[in-house]
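The following report describes one protein model for a reader who is meeting it here. Please keep the sequence and the three-dimensional view at hand while reading.

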Amino acid sequence: MLGGGRLQGRRGLRRGDLTVAAIAQLAGVSPPTVSKVLHGRAGVGESTRKRVEALLREHGYRRPVPAGSARGLEVVFSNMLGSIAIEIMRGVEQVAATRQLGVGFTDVRSLVTAGLPWVEPLLLRQPVGVIAVVSEVTTEHRELFEASGVPLVALDPTGDVHPTPSVGSTSWSGALAATRHLLELGHRRIGLITGPAGFLATRARLDGFRAALDTAGVPFDERLMRSGPFLFEHGRDLGSQLLTLPDPPTAVVCGNDLQAFGVYEAARLLGLRIPDDLSVVGFDDIEHCEWVAPALTTVRQPFLEIGATAARIALALADGDRPSRPPVELGAALVVRDSTAPPRSA
């Protein structure tokens, strides 16, 4: 077995306690070579790099935190709506403060758009842990974090980062509650605008929507469903498509609040009044939901607690714990305001 004899005498070490020198000994390379792999630097052969990365993952290598270090938690976004990002950051900061750690913020949208790497520069800052609120995290990125001994926690990830620890909200039950609310008001032709298909949350909300219809004995009509990015303009355009159908929906459930605001605009351009002619439900409960007229009925996600939970998991991983539980889902709750009412025909 590779390195079996050289590990004798290390039985008292916890997983993750091996040093760079020990990893180098196991791999048959010098400590500087291991350091190059950890930092994603050039000058290491591909076979050597893979061997070192495999050993780093196998032994759960964690970088030691030097005394007086200014290292902290890094939160990575990509074009995230400001109000949501602030709540997530507040949650992360509350937890980080209990360990006297700072919190860094990175928006990788421009790097991703330009096709430039963003993981390697982040790892050079040697964060204690990284919380990714970004869909661009891939299996390759996850492996880079693992090889560098930096814990990664994803918020509402796509399927690509499994089995990375993740935190989100109960999207399925949130969509179920939103759809049931409309059904109880008497709506039967309910439109749905979902987010990108790659998001686990998108699929969960679609399943919750369909479950509510099934329970009420209302057939799911694919002609009343559209999907697109979580943006205002897409909500407007997709909403316009639904509202100009020969038999349009009397209500629309949206993948997020920005899409819902887009549907507001589509209705305005078509001379429809909310909620008299059309009921609309969003998802997220950003602060703007109470500012629009009529105030938007939506599903509230606990973004502050999501950020705090992700930070606690990242720090636990940095301490050498290996949480084995499935993705963490925090409760989402329907908030009924003024954008929903019985349909005219009810």
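Strand E6 (residues 190–194) and E7 run parallel and are joined by 3 bridges. The model is a predicted one, in which local features need pLDDT of at least 70 and side-chain atom pairs count only at pLDDT 80 or more, while totals for chains, interfaces and linings use all residues. Residues are numbered from 1 along each chain as its sequence is written, and side-chain values use heavy atoms, with hydrogens and water left out.

E6 also pairs with E8 in the parallel sense, over 4 bridges; isoleucine 193 has cysteine 254 in E8 as its bridge partner. From E6 the chain crosses through helix H9 (residues 200–216) to E7, a β-α-β crossover that is right-handed. That term applies if, with the strands pointing away from the viewer, the path from the first strand over the helix to the second runs clockwise.

How many of the residues of E6 are buried? The count is 5 of the 5, so E6 is largely enclosed by the rest of the structure. Buried means under 20% relative accessible area, exposed means over 50%, and partly exposed lies in between, with a 1.4 Å probe and protein chains only. Ile190, Leu192 and Thr194 point one way from E6, whereas Gly191 and Ile193 point the other way.

These strands belong to an open sheet of 4 strands with parallel pairing, in the order E7-E6-E8-E9. Its edges are strand E7 (225–227) and strand E9 (279–281), each of which pairs on one side only. Two strands pair if DSSP finds at least two bridges between them. Helix H10 (residues 232–243) lies across E6, E7 and strand E8 (251–254) and runs at about 150° to E6. Axes are lines fitted to C-alpha atoms, for helices over the stretch in contact, and angles run from 0 to 180 degrees between N-to-C directions.

A further open sheet has 6 strands with parallel pairing, in the order E2-E1-E3-E4-E5-E11. Strand E2 (102–107) and strand E11 (328–330) stand at its edges with a single partner strand each, so one side of each is left without a neighbour in the sheet. Strand E4 (residues 152–155) pairs with strand E5 (residues 166–169) in the parallel sense over 2 bridges, and alanine 154 stands opposite serine 166 in E5. H12 packs on this sheet, touching strand E1 (72–77), strand E3 (129–133), E4, E5 and E11, and its direction makes about 160° with that of E4.

The largest nonpolar core has 48 residues, of which Ile88, Leu155, Val167 and Val280 touch the most other members. Helix H12 (residues 303–318) supplies the largest share of this core, 10 residues. Apart from it lies another core of 18 residues, among them Leu183, Phe209, Ala211 and Leu213. A nonpolar core is a set of buried Ala, Val, Leu, Ile, Met, Phe, Trp, Tyr and Cys residues joined through side-chain atoms within 4.5 Å.

Not counting residues up to four places away in sequence, valine 280 touches residues including Val252, Cys254, Ile274 and Thr340. Threonine 340 lies in the segment after strand E12 (333–335) and is buried, with a relative accessible area of 10%. Leaving aside neighbours within four places in sequence, threonine 340 is in contact (heavy atoms within 4.5 Å) with residues including Leu182, Pro275 and Val280.

| Side chain | Partner side chain and distance |
|---|---|
| Threonine 340 | Histidine 181, 2.9 Å |
| Threonine 340 | Threonine 297, 3.1 Å |

Leucine 38 is in helix H2 (residues 31–38) and counts as buried at 3% relative accessibility.

Technical notes. A polar contact is a pair of N or O atoms within 3.5 Å; within protein, one must be able to donate a hydrogen and the other to accept it, and residues adjacent in sequence count only if both atoms are side-chain atoms.
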